[in-house]
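This report describes selected side-chain contacts in one protein chain.

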Amino acid sequence: QVQLVESGGGLVQPGGSLRLSCTASGIIFSVYVMGWYRQAPGKQRELVATITSGSITNYADSVKGRFTISRDNAKNTVYLQMNSLKPEDTAVYYCRTIGRSYWGQGTQVTVSS
């Protein structure tokens, strides 16, 4: 049984930081490209960042220079470090295995003063 479990969301003020984690079980984590996605109210789900098994990263233009994706294969975990957060970053954030697709349940990030 495959599970992806996200954590680390919450309420943060503009300019603040959060680190999201996604821990996988039931898969050979190290071979998967992993991605973080987000979905804001009334909007389509969008890709935020990806990381390959060799830790090559790619980012949406809207988060370049502010967000960093990383992975720890020994812990079956992918991270999303989010800095300089803006109100428009408010969304439910999901992790996903890319290729054979599995999704986590999501974690809410709210950026507000």
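T77 touches S21, C22, T23, F29, S70, R71 and D72, leaving aside residues up to four places away in sequence; contact means heavy atoms within 4.5 Å. The model is predicted: local features need pLDDT of at least 70 and side-chain atom pairs count only at pLDDT 80 or more, while totals for chains, interfaces and linings use all residues. Residues are numbered from 1 along each chain as its sequence is written, and side-chain values use heavy atoms, with hydrogens and water left out.

T77 lies in strand β8 (residues 77-82); strands (E, at least two residues) are DSSP runs numbered from the N terminus. T77 has a relative accessible area of 5% and is therefore buried. Buried means under 20% relative accessible area, exposed over 50%, and partly exposed in between (1.4 Å probe, protein chains only). The side chain of T77 makes a polar contact with the side chain of T23 at 3.0 Å. A polar atom of the T77 side chain also lies 2.8 Å from the backbone oxygen of K75. A polar contact is a pair of N or O atoms within 3.5 Å; within protein, one must be able to donate a hydrogen and the other to accept it, and residues adjacent in sequence count only if both atoms are side-chain atoms.

Aromatic pairs number 2. The ring centres of Y94 and W103 are 6.2 Å apart and their planes stand at 85°, so this pair is edge-to-face. Rings of Phe, Tyr and Trp (its six-membered ring) pair if their centres lie within 6.5 Å; planes under 30 degrees apart count as stacked, over 60 as edge-to-face and the rest as tilted. Ring pairs join Y37, Y94 and W103 in a cluster. Y94 is buried at 13% relative accessible area, whereas W103 is partly exposed at 35%.

The charged end of R45 sits over the ring of Y94, 3.7 Å from its centre, and over the ring of W103, 4.6 Å from its centre. The rule requires CZ of Arg or NZ of Lys within 6 Å of the ring centre and within 35 degrees of the ring normal.

There are 4 salt bridges, each a side-chain nitrogen of Lys or Arg within 4 Å of a carboxyl oxygen of Asp or Glu. The table lists some of them.

| Salt bridge | N to O distance |
|---|---|
| R38 and E46 | 2.7 Å |
| D89 and R38 | 2.9 Å |
| D61 and K64 | 3.2 Å |

D89 and R38 are both buried. R38, E46, R66 and D89 form a network of salt bridges. D61 is exposed at 64%.

Key: Helices (H or I, at least four residues) and strands (E, at least two) are DSSP runs, numbered from the N terminus.
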